[in-house]
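Here are a few notes to read alongside the model.

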Amino acid sequence: MNTVRTQPDPGNAIMRFLKKRIAVYALLIAISIAVFFLFPYDLGFLTRIIIMMIFVLSLDLILGFAGVATLGHAALYGTGAYMAGLFAVHISASPIVGLGVGALSGAVIAFISALILMRAHGLTLLMLTIAIAEVLKEIANKAQTLTGGADGLSGIVMAPIFGQIEFDFVGQTGYWYSFALLMIVLFFLHIITDSPFGLGLRGIKQSTARMRAIGAPVYWRLVAAYTVSGAIAGIAGALSAQITELVSLNVYDFSLSAEIVIMLILGGAGRLYGALLGTAVFLIVHHTAASVDPFNWLFIIGGLVLGVIFFLPGGLLSFPKKLGWVTTWFSKQPEETPR
Amino acid sequence: MSIIFNILIDGISYGMILFMIAVGLSVTMGLMKVINLAHGGFALLGGAFTHWLTVQAELSFLPAVAIAILGVVIIAILMEFSLFRRIYEFGELEQVLATIGIAFLIIASVNYWLGSTLLAIKFPEYLSGSINLGFRTLPVHRVFVILIGIVVVVALYILIERTRFGVNLRAAVDNRDMAASLGIDTARIYAITFGLGAGLAAFGGILGAELLPIEAYYPLRYMVLFLIVVAVGGMGSILGSFLAAISLGILDTAARYLMPDFSTIIFFSAMMLIFIIRPHGLLGKS
């Protein structure tokens, strides 16, 4: 019987995995169908949320799980966007191959920069991540003949997906295309974070020294995690290039890197659903606050960030737990007061 | 010859501004181990107050500067008591987020108060002319900035090396728990240092308004620049911040004069090179 426990049947493992996740996947699909019919005129905005969710998920792997603080994740997203855009303009209009190009270029740039980044810590690391994004932005700006510089890269026209499904003006195809990718990325990240590799990353976050002591190659684990994160960020960038049919220098913006960190912490880092929740809340608040009062939305975002950091350190996802704490605290009160 | 001279004058005065704004950031980072992304907000507040006092209230320059700096110091110390004191305990990432949130609130407040346009500061007549040295003329403003920068460096040196407060501050930077257990009131040192750093940032922001124009988004626009000075110099090192600020100021100015197309790339590549050689900055402790 012991052999069964140590070497579980792979089919069984998949079943257990699906059992654990199937309810959430079903819920996500139900939500996506519901908002599709409830907000048919906001599909562009909804698609934007989905793309950013993929991007924030990629950040969650390296920041939430491995504990590497970065303020330059736009470097990977932007490279994916530019490469997929250039590929679409010059080589092939196939969206699926374009995504592959975005993922590959994101992974390559992540791997190269990780070789430098993963040796640094703290402020130096933050500064290096910012510097890489800024240098890439400047290169994209200067390579005007190729990228269009400050005017942006235009002229991207996408072929139908699998040669069958055309992109429409309302954005229905874009919405479902992005959502399908989000589910694939989420599924993939669930597998990674449940694997020994993912557990190793959590270990590195908790104590680098301890992981070294048990013989884990910490540096190369982090390089690998950053590369995977880069591939996913590259997919998000490619998706944004394909759906908006435009790539501008903004894809490398520092504010984008900072905003996705805010989204992740808002939702709860180190939990994939936190990335989804935080992105949705941030972008919806941003969208509504900016349309109600375009000049003062920073008050709301600033207050929201401070409120979460001070009162909900685990992110919005920990809110129910926090409420639970409050109720148990209240119910305990009478027992303690008689003394 | 003349271009080298110009680069030096502009570069050094730019460096002095960077130093004044960043030194407080460096010391508070070394002392409280907090990555404060809201520091540029104090420079913005200094500039915004001076703008309001000189342009709208039509006060003359020097009293306006004094009032503005005093105001920023008071605001900073109040914020230290109410907000930052709790942020010290947070992890690195939460600190980054919390201080970015504070920066947002400062930006939003200035935006609400004075709008998002450029906030010009009315410099007095005697700072806007130029000095004739016989063989060359120099803008008075640059010379003034360099002189003030030197005064600030000397004053800081005396404060840190020659006073009781400086001894306590250095002890707290080296090991705050040990300093506290020796009876040094670290909470008081934190508050004073924080206020002092904010005041210097305000002063730097006002003097540097010609180079780094004051507007509501100032804290975010130049945050990376100030952080680079701190990181390159080494957290907590005043001399390191000074060397980093002056050399980055000269490097950036030289790159703008000689190779304007590649100035950003040169600037950031130089920074990355320094980090590869010295991961903790020029004078930082490992």
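1. Start with B:Ser13, which sits in helix α1 (residues 2-32) of chain B; helices here are DSSP runs of H or I with at least four residues, numbered from the N terminus. B:Ser13 is buried, at a relative accessible area of 1% (buried means under 20%, with a 1.4 Å probe and protein chains only). Beyond its neighbours within four places in sequence, B:Ser13 touches B:Arg142, B:Val145 and B:Ile146 (contact is heavy atoms within 4.5 Å).

2. Ground rules: this is a predicted model, with local features needing pLDDT of at least 70 and side-chain atom pairs pLDDT 80 or more, while totals for chains, interfaces and linings use all residues. Residues count from 1 along each chain as written, chains are lettered from A in written order, and side-chain values use heavy atoms, without hydrogens or water.

3. In chain A, helix α9 (residues 196-206) packs on helix α11 (residues 218-244) at about 115 degrees, axes 10 Å apart (axes are fitted to C-alpha atoms over the stretch in contact, and angles run from 0 to 180 degrees between N-to-C directions). On the α9(A) side the contact uses A:Phe197, A:Gly200, A:Leu201 and A:Ile204, and on the α11(A) side A:Val218, A:Arg221, A:Leu222, A:Ala224 and A:Ala225.

4. As for the interface, 34 residues of chain A meet 41 of chain B. About 3,400 Å² is buried between them, 85% of it from carbon and sulfur atoms (accessible area lost on being put together, 1.4 Å probe, summed over both parts). A:Leu123, A:Leu298 and A:Phe310 give 19% of what chain A buries there, more than any other three residues.

Terms used: Helix = DSSP H or I, 4+ residues; strand = E, 2+ residues; numbered from the N terminus. Buried < 20%, exposed > 50% of the residue type's maximum accessible area, 1.4 Å probe, protein only. Buried area = accessible area lost by both parts, 1.4 Å probe.
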